[in-house]
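I opened the notebook to look up aromatic contacts. These entries follow the order in which I checked them.

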Amino acid sequence: MTDKLNELTAAGVAVWLDDLSRVRLSSGGLDQLRREKHVAGVTTNPTIFAKALSDADEYNWQLHDLATRGIEVEESVRMLTTYDVRWACDVMRPSYDGSDGVDGRVSIEVDPRVAHDSDKTVAEAKALWWLVDRPNLYIKIPATEAGLSAITDTLAEGISVNVTLIFGLDRYSAVMEAFLSGLEQAKANGHDLSKIGSVASFFVSRVDSEVDKRLEKIGSDQAKALKGKAAIANAQLAYERYSEVFSSDRWKALAAAGAHPQRPLWASTSTKNPDYRDVIYVEELIAPGTVNTMPESVIHAYADHGETRGDTITGAYDAARKVFADLESVGVDMADVIATLEREGVEKFEASWQELLDGVRKSLKAAAEGKGAPNKAAKGNAKGAEKAGGA
């Protein structure tokens, strides 16, 4: 049988998994995806952690220990999540070593409640970097206005960054500027640029969800004909800007000092509309030097019926610009779309973070009252994860 994910990888797209849980780690499922499905990285977010901690006994032993020590809920969340990410970094280390530090990365996000406070974001990034203590870690920082300076300052410390929640082209350009400035400062600070990595996570399906809703409201045939086109066009034009920035003399000077490009990462790549092909946000966004982070269901779908047709981005710039012009002509305000998505993106992660805090608070209370005693299986998982650094 044709190895479709290998074809995708050969076309220059790094396949990453958009999920993590202790069950996935303890079962060997993540390592199996790395070995058998060409998964070369992992992304997480507050929503993923909230779900993972809500329905697994594997956390009981650690919750019991944290409750016994009287650790407060926010610090407990850091201990629980960094434990999983540290373990995942160790699982993905062969990919990191085999790609000269480009892939094999695992992301953990700063507290989204500080997304609009640059100083707190940098402080949180430094704390997480120290806690996980793995070279193949990425610290996720939202691409808010305050996040831009935080991105620069974090990179300047020699810390690798996954810039998340990018929706618009102008903000993406600002993110690349923040990246270049951060590397220039890191070099001045004496850091080895070859050890610093970064991706820029450009969200895809959420753009279609918001634009399609507006097109339905407009209701004309011309408007309805544009459904399902905005997100791909947006990402294609983002790649055009990436190509321009990373062929500039400014970038070449950093590359000569050992720097790796900040790759575009296509996020939110599961289709929200069942009328759309389930792998459309993979097939239509193939180009060298990109990352596509997918839920496991999309990874398996692509392995089954994905079509790798070579580069589907660089020849599509004019068509993408026409999509934007057509959207404007029917009355879709893309600037408002992007502003709405950024605001809602931060709000959704804040809500998930609060859900995570609330869930851990209840679990700590139950453990303190003796209702969440560690089970043998969970203790076995802890022993099997000793290299992950413990609680």
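Over which ring does the charged end of Arg-105 sit? I looked it up in this predicted model: the charged end of Arg-105 lies over the ring of Tyr-138, 4.9 Å from the ring centre.

I then looked for a second case of a charge over a ring. The charged end of Arg-206 sits over the ring of Phe-349, and the distance to the ring centre is 5.8 Å.

Next I turned to ring pairs. I noted a count of eleven aromatic pairs. One of them joins Trp-16 and Tyr-138, with 6.1 Å between the ring centres. Their planes are at 35 degrees, so I logged the pair as tilted. I placed Trp-16 in strand β1 (residues 13-17) and Tyr-138 in strand β4 (residues 137-142). The two residues are 122 residues apart, and their pair links distant parts of the chain. I recorded both Trp-16 and Tyr-138 as buried.

For burial I used the cut-off of under 20% relative accessible area. Tyr-172 has 1% relative accessibility and therefore counts as buried. Phe-202, at 2% relative accessibility, counts as buried.

My last entry concerns a cluster. I found Phe-179, Tyr-239, Tyr-242, Phe-246 and Trp-251 linked into a cluster by ring pairs.

Note on methods:
Residues are numbered from 1 along each chain as its sequence is written. This is a predicted model: local features need pLDDT of at least 70, side-chain atom pairs count only at pLDDT 80 or more; totals for chains, interfaces and linings use all residues. Side-chain values use heavy atoms; hydrogens and water are left out. Rings of Phe, Tyr and Trp (its six-membered ring) pair if their centres lie within 6.5 Å; planes under 30 degrees apart count as stacked, over 60 as edge-to-face and the rest as tilted. Helices (H or I, at least four residues) and strands (E, at least two) are DSSP runs, numbered from the N terminus. Buried means under 20% relative accessible area, exposed over 50%, partly exposed in between (1.4 Å probe, protein chains only). A charge sits over a ring if NZ of Lys or CZ of Arg is within 6 Å of the ring centre and within 35 degrees of the ring normal.
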